[in-house]
Amino acid sequence: MMRAHPEAKIRVMRLSQYPIQTTKETPAEAEIVSHQLMLRAGLIRRLAAGLYSWLPMGLRTLRKAEAIIREEMNRAGALEVLMPVVQPAELWQESGRWGKYGPELLRLKDRHQRDFVAGPTHEEVITDIARRELKSYRQLPVNFYQVQTKFRDEIRPRFGVMRAREFIMKDAYSFHADEPSLQAGYRLMHETYTRIFTRMGLNFRAVRADSGPIGGDVSQEFHVLASSGEDAIVFSDTDGYAANIEAAEARAPEGERPAPSAPLQKVPTPGTKTIEAIVKLLGVPPQRCLKTLLVEGDGEGDAAVVALVIRGDHELNATKAQHLPGVASPLRMAGAERIHEATGAEAGFIGPVDLKCRIYADHSALAAADFICGANEKDMHLTGVNWDRDVRSYVAADLRNVVEGDPSPSGQGRLKLARGIEVGHIFQLGRKYSDALKALVLDESGREVTLLMGCYGIGVTRVVAAAIEQNHDERGIIWPEPLAPFQVVLVSLGAQKTPQVRVAADRLYGELTAAGIEVLYDDRDARPGVKFADAELLGIPHRLVVAERGLAAGRLEYRHRRESESVDFPADEALNFLRARIGC
């Protein structure tokens with residue numbers, strides 16, 4: 001057998017032999033920082049909308065994220081499997097999600113005209129494995145996981161790998177005989193995820209969440225905190241309460257509602273369809289105005305629409321609304337024709353007075369007295385409206401998004417808002433899939449019981465983008481050290497003109513590499529400014545510079561990517577100097 005030359009492994013880490021080019025210009029299609037920097041640094045390249053190739057530098061970071069995930073999942077006792085991306089439609093029909101999942105589910109046919117899907121997730125497949133392999137409570141609990149490609153046919157893929165159609169995900173599924181076991185497995189995964197994101201060097205927060213299309217009873221999301229985050233999360237300024245804004249409870253105001261003090265009056269408001277316009281026309285604060293939104297109901301006649309009433313300065317929480325009895329899911333706003341049938345008016349002039357459909361009123365809206373609302377007549381509003389006097393049939397509900405300063409649902413402190421990027425989600429699924437697919441085991445008494453399930457996902461490709469969103473400056477990426485493609489970038493200056501520089505840099509490269517330090521060696525014949533700009537763009541944590549003047553003095557130059565100043569140190573102490581900073 002031929003042996004590789006000892007230099008072969010080292011040479012692939014020399015930038016002079018690396019074919020991928022960095023760019024100064026920001027690509028026009030890149031909307032957010034991570035997408036811009038990943039393209040400029042040559043980590044990824046776009047193939048088609050929502051489809052990206054991972055190039056060598058980007059793949060190194062992706063593999064590091066995967067390695068941390070695998071180590072911690074294995075430490076937690078999970079068993080790695082690998083399931084097919086393409087899944088038979090029969091499983092999705094059996095679970096009921098074939099017709100419910102929506103257009104993100106990519107359906108396809110094989111040459112025999114049999115239906116398949118490109119898997120966006122693997123609950124059906126793993127439950128099929130469980131019902132075939134698990135027969136007794138003695139085999140439980142068990143947790144299977146995989147790191148696998150997923151495909152979701154996003155209507156508008158954007159933000160690079162942050163919201164791509166094809167992506168890599170770590171998904172895990174646990175099976176249990178009873179609720180205490182499921183809860184223990186869920187807690188273990190919470191602890192495991194906390195270790196994973198801590199090891200990755202990310203600033204994150206776990207928050208309560210809505211389970212969405214996956215289903216289940218209890219769920220939490222893990223968010224990397226970043227000002228560019230697409231999700232709003234809320235947390236208490238006093239205790240550990242935290243939630244996705246979709247799941248955050250808006251507590252009902254304390255105290256009694258003021259008694260009516262104004263008569264009900266109809267006032268002309270021509271062309272005044274928005275809260276802002278009403279506030280300007282009537283000279284009242286938005287808190288005095290209530291907006292009524294009509295959404296599709298799940299029935300016919302009076303049940304064809306449902307009215308949702310919230311305060312003028314609040315936003316409807318669609319996730320909360322679609323869970324209400326009588327409201328169609330997913331939530332759909334009623335169209336103009338449906339609005340006219342139900343109210344005789346048009347959007348912008350709707351109010352709860354004399355409405356025949358079901359009315360849900362937000363707790364904050366119910367605290368208002370002498371309020372203003374639409375009159376269910378074009379160009380007309382009502383003033384001096386009061387609950388129970390003018391609107392008698394309604395149901396109190398939590399309908400709105402919380403806002404900064406709201407009391408925490410925990411009863412401690414006030415809520416603060418932050419932006420986050422969801423990188424992980426854990427669920428207690430219960431029996432949603434095991435019931436549908438009849439995944440049963442025998443309990444201690446020999447009776448058949450339905451398995452309880454947990455589901456635990458991490459968006460691996462999304463983690464890489466989220467790390468950049470949280471760690472960058474105007475010059476480029478600043479990798480957290482555990483995710484950096486290389487630990488050190490070694491820059492030689494003037495090596496083509498000064499042989500001593502090339503010899504010293506080559507020797508140092510070999511010494512560091514032999515010591516197990518991951519080094520990217522910039523040995524290109526390029527100007528110092530180009531080399532330094534690329535080093536900062538790539539975001540490698542530690543930079544060493546070998547230059548003629550420094551060598552003459554027996555010194556090398558060092559700078560950490562997060563620092564603005566360089567320091568000199570003795571050239572013959574390079575290995576120990578770096579080890580002390582890298583921590584190895």
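This is a predicted model: local features need pLDDT of at least 70, side-chain atom pairs count only at pLDDT 80 or more; totals for chains, interfaces and linings use all residues.
I then looked up which residues of H2 are buried, and they are Ser 34, His 35, Leu 37, Met 38, Leu 39 and Arg 40. Because 6 of the 8 residues of H2 (residues 33-40) are buried, where buried means under 20% relative accessible area, I noted the helix as largely enclosed by the rest of the structure. After H2 comes Gly 42, and I wrote down its positive phi, near 75°.

Next I turned to the largest nonpolar core, which has 89 residues, and I listed those with the most contacts inside it as Met 38, Leu 43, Phe 197, Met 200, Trp 479 and Leu 544. Helix H12 (residues 460-470) gives the most to this core, namely 7 residues.

Last, I looked up an open sheet of 3 strands, whose order is S13-S18-S17 and whose pairing is antiparallel. Strand S13 (265-268) and strand S17 (371-374) are its edge strands, since each of them pairs on one side only. On average, and with direction ignored, I noted that neighbouring strands of this sheet are turned by 30° against each other. Between S17 and strand S18 (residues 380-385) I recorded 3 bridges, and for Gly 374 I found His 381 as the bridge partner in S18.

Definitions and conventions:
Residues are numbered from 1 along each chain as its sequence is written. Side-chain values use heavy atoms; hydrogens and water are left out. Two strands pair if DSSP finds at least two bridges between them. Helices (H or I, at least four residues) and strands (E, at least two) are DSSP runs, numbered from the N terminus. Axes are lines fitted to C-alpha atoms, for helices over the stretch in contact, and angles run from 0 to 180 degrees between N-to-C directions. A nonpolar core is a set of buried Ala, Val, Leu, Ile, Met, Phe, Trp, Tyr and Cys residues joined through side-chain atoms within 4.5 Å. Buried means under 20% relative accessible area, exposed over 50%, partly exposed in between (1.4 Å probe, protein chains only).
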